[in-house]
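Please keep the sequence and the model in view while reading.

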Amino acid sequence: MTTTTITVTGMTCGHCEAAVKEELGALEGVTDVAVDLNAGGDSPVTITSADALDDAAIRAAVDEAGYEVK
């Protein structure tokens, strides 16, 4: 198992959190996504996966949810 932590900007509520978790959770090999929501600020997101994830794939998933990796 591999754990990757990123910082996502722009999330303000539970709906935002759910959108990011859904997109990241859809990446191949991802087993868990945990968000520490800091409303209106930068929120750490921890992704657990079977193998290391490609940074571009992570960024694309967060972008698809409507947010940005800092």
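**Helix packing and strand pairing**

Helix 1 crosses helix 2 in a right-handed manner, a crossing being right-handed if the near helix is turned clockwise from the far one by less than a right angle and left-handed if anticlockwise. The model is predicted, with local features needing pLDDT of at least 70 and side-chain atom pairs counting only at pLDDT 80 or more, while totals for chains, interfaces and linings use all residues. Residues are numbered from 1 along each chain as its sequence is written, and side-chain values use heavy atoms, with hydrogens and water left out.

**The two helices**

- The axes of helix 1 (residues 14–25) and helix 2 (residues 55–65) come within 8 Å and cross at roughly 140°.
- Helix 1 is therefore oblique to helix 2 (angles under 35 degrees count as roughly parallel, over 145 as roughly antiparallel, 65 to 115 as roughly perpendicular and the rest as oblique).
- Ala19, Val20, Glu23 and Leu24 of helix 1 are in contact (heavy atoms within 4.5 Å) with Ile58, Ala61, Val62, Glu64 and Ala65 of helix 2.
- The residues of this contact comprise seven nonpolar, no polar and two charged.

**Strand 1 and its partners**

- Strand 1 (residues 2–9) includes Thr4, and eight bridges join this strand to strand 3 (residues 42–49), the two running antiparallel.
- Strand 1 is also joined to strand 4 (residues 68–69) by two bridges, again antiparallel, and Val8 has Val69 as its bridge partner in strand 4.

**Thr4**

- Thr4 stands opposite Ile47 in strand 3.
- Thr4 counts as buried because its relative accessibility is 17% (buried means under 20% relative accessible area, exposed over 50%, partly exposed in between, with a 1.4 Å probe and protein chains only).
- Leaving aside residues up to four places away in sequence, Thr4 touches Val45, Thr46, Ile47 and Ile58.

Key. Helix = DSSP H or I, 4+ residues; strand = E, 2+ residues; numbered from the N terminus. Pairing = 2+ DSSP bridges. Axes fitted to C-alpha atoms, helices over the stretch in contact; angles between N-to-C directions. Nonpolar A, V, L, I, M, F, W, Y, C, P; charged D, E, K, R; others polar.
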